[in-house]
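Colleague: Could you take me through how the parts of this model meet, giving the cut-offs as you go?

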Amino acid sequence: MRIEKRLLSRVEGTAELELIWGNGYVQDVKIKIPSSRGIERVLEGRPFMDALVITPRVCGICGHAHLMACVKALEDAIGNVKLTQKAKLVRDITLTVEMIQNHIKWFYLFVMPDFIRLGEKIEDFEPFKGKKWKKAINASSQVVKIIAIFGGQWPHSSYAVPGGITSNFTTSDISRALSIAESVAEFFLEDVVGMDEEGFRSFRSAGLWEELKGDIGLFVNLCIKHKLEKVGSSYGRLLTGGEVFPCITPGHFTGEKKLCSLNLSKIKEVGSPSYSSVKVVRYNGLPYETGPLSRQFLSNNPFIKKLYKAYKDSYMTRVMARLLEIWELLDAIREKLYGLYALIKEPSYYHPYQKVEKVSGEGLGMVEAARGTLIHRVHISKGIITKYHIITPSVWNLGPRCEKYLGVAEKAIIGLEHPLHAEMVLRSFDVCSVCTTH
Amino acid sequence: MNVLWLQRLSCCGNTHSLLNCETFNALLKEVNFLFHPSLSLESEEELLSDITKGNVKLDLLILEGAVKMDDQRIKELCYIAEYVIAVGSCAVYGNVPALKDGNVCGLQYRFKEKGGLLGEDFVSKGGLPVINLSGCPAHPEWIVGVIRSLSKGIKPALDSFGRPKEFYSSLTHWGCTRNEYFEWKIEPESLGSKKGCLFYNYGCRGPMTYSSCNTILWNGMNSKTRAGTPCFGCTEFDFPRVGLFETKQFAGLPAELPIGVSKRGYIMLSGVAKMFAPERLKSED
């Protein structure tokens with residue numbers, strides 16, 4: 001038995017992998033994530049509206065999802081909050097945009113450069129220099145302009161408030177957003193899958209992932225060359241709690257049965273082992289994976305259905321699910337942006353309470369963030385936050401073992417034969433340690 | 001110029017702010033990033049040991065995130081680097097991570113107290129204190145602008161908080177599309193409006209905060225105040241204040257007035273402004 005410690009970069013924050021080797025493969029693994037920033041404690045004792053500013057600061061790459069979970073939790077606590085269709089749609093659009101930004105950066109900045117470390121000569125993906133690397137940064141910085149149009153800025157907007165959104169806009173704002181969405185769709189078609197829209201749509205409806213060209217085609221070839229198409233499977237239990245209308249709905253897959261429902265009372269946190277400061281979260285007592293693989297599998301993406309059938313929840317399937325989700329999200333955004341034209345005259349906001357001192361209650365907000373299901377819970381007494389609690393997607397995926405079961409990512413790494421593969425499988429979950437240690 | 005970017009207690013928001021910069025790729029032609037934890041392939045430890053041994057020259061150290069007061073590694077590197085930038089309010093003042101932990105601070109400040117990790121008198125080899133780019137996050141153009149100046153041998157002039165005057169000498173409300181409403185003292189009827197100034201009722205810190213957000217805009221598009229969200233004063237040491245969406249009132253006046261405005265002057269001007277405010281500003285649409 002040999003213990004190897006590896007510090008991971010190219011993730012959000014830092015993470016340490018402790019690999020226990022024996023007989024040439026990983027026998028056991030512990031994922032350690034350092035230092036917490038105490039954000040939940042900062043919120044206690046503050047007026048509840050402050051949470052809209054402070055919770056996005058949990059995470060630089062998915063702060064907008066925290067804003068959305070927060071506003072939902074506050075609205076739930078206030079009770080009977082009326083929202084216009086316009087406000088709902090805009091919130092949905094900006095939340096989805098943040099996911100696209102994340103997925104582009106993650107694939108080009110975190111995933112592909114790993115193959116350089118495996119000895120592949122793919123200079124286009126080299127950090128700071130590669131053509132593709134730079135193009136991806138450009139595309140991700142383009143798409144977040146849509147959040148800026150409606151929400152003022154990205155990162156760290158606080159434009160969603162109980163009762164609606166703070167901004168109002170014109171048709172020319174919608175038009176600018178549509179042009180940006182279109183340019184990112186072009187990037188997806190030209191670079192990510194290497195084909196025109198018609199071709200892509202026809203392959204999509206038949207789930208023919210083997211036909212994809214572009215950078216995803218290159219990725220598939222590299223996976224097969226390095227035997228990564230089958231490794232990195234975890235429990236094959238998948239969960240999605242939030243909704244991205246119309247393409248993603250809540251549900252879970254037990255490994256045998258697909259269920260279009262989720263019972264919130266079955267989500268429980270249990271004690272974590274001494275090596276980890278991260279909590280353990282279980283659904284019905286069992287570990288579940290959340291994120292794009294869960295979303296795309298549960299929403300019957302034809303590509304992911306076929307991939308899952310062939311390779312289960314492997315490294316390759318997980319990466320493909322996240323990358324191909326970009327298209328599903330872009331499609332939804334374009335549809336919603338067109339939908340906004342008819343709603344332009346609706347108010348952006350209704351004031352949802354009489355007196356702030358009279359607001360008391362408990363609330364829960366659940367949304368889909370880039371990495372999966374994000375849950376905020378708040379207790380408010382006379383307008384002041386008395387308790388705030390966050391379960392991030394990374395807690396589901398990267399959280400440690402409980403008494404009975406290994407963590408989801410831990411399970412996926414055991415059995416691998418190469419330390420770089422261990423890092424890659426961990427990265428396939430899109431590690432966000434800053435979220436995990438809020 | 002060799003640039004090293006390190007992270008401590010941080011949400012990585014400044015990294016993502018920087019990656020939004022449309023000219024970031026152009027900067028990469030001019031400066032050499034030795035290492036960035038979110039982006040590099042190389043190992044951090046090897047590089048840092050090469051730097052401390054003097055094998056690799058460190059021209060600019062950029063730190064993102066608050067630090068623990070006993071972080072010797074960062075301290076050592078700050079003394080090796082020609083220049084040091086603290087990027088974002090966590091690295092500058094300690095910010096959110098320092099609120100509930102007395103052992104956490106910024107590089108040269110803890111909120112408004114001078115000192116921090118490096119002490120009040122710290123000056124890097126190049127002859128400047130820590131260059132503070134406050135903001136939660138810092139605007140990418142501030143980051144890129146200062147890196148490029150330093151690479152051309154131009155030392156930025158700094159204000160009393162060590163921030164480049166170029167970006168932190170005008171108030172956030174300069175360039176805000178709601179300025180006319182500010183002048184005539186017109187509040188919005190509610191949130192969600194294109195009209196009305198958010199200073200009077202919604203806690204906007206625009207007239208009390210130094211930044212160029214409304215002149216250079218975020219993501220090249222917009223700003224919080226333009227989008228109807230109050231400025232929360234995130235470039236200042238007291239961010240995040242308690243009651244971020246509220247304007248504290250005292251005897252019918254905002255408890256805090258715009259920087260440099262006297263109470264007497266404010267009362268006189270606002271009386272006149274309210275009386276003569278043009279009708280076109282008062283109605284929605």
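**Domains and sheet**

Modeller: Within chain B, 15 residues of domain 1 of chain B are in contact with 13 residues of domain 2 of chain B, two residues being in contact if their C-beta atoms, placed from the backbone, lie within 7 Å. This is a predicted model, in which local features need pLDDT of at least 70 and side-chain atom pairs count only at pLDDT 80 or more, while totals for chains, interfaces and linings use all residues. Residues are numbered from 1 along each chain as its sequence is written, with chains lettered from A and ligands numbered from 1 in the order in which they are written.

Colleague: What separates the centres of domain 1 of chain B and domain 2 of chain B, taken over C-alpha atoms?

Modeller: The bounds, which come from an automatic or database domain assignment, are 2-167 for domain 1 and 170-285 for domain 2 of chain B. Taken over C-alpha atoms, the separation of their centres is 31 Å.

Colleague: Which strands of chain A stand at the edges of the sheet?

Modeller: The open sheet of chain A has 3 strands in the order 1-2-3 with antiparallel pairing, where two strands pair if DSSP finds at least two bridges between them and strands (E, at least two residues), like helices (H or I, at least four), are DSSP runs numbered from the N terminus. Strand 2 (residues 15-22) of chain A pairs with strand 3 of chain A over 7 bridges. Each edge strand has a single partner strand, so one side of each is left without a neighbour in the sheet, and these are strand 1 (2-8) and strand 3 (25-32) of chain A.
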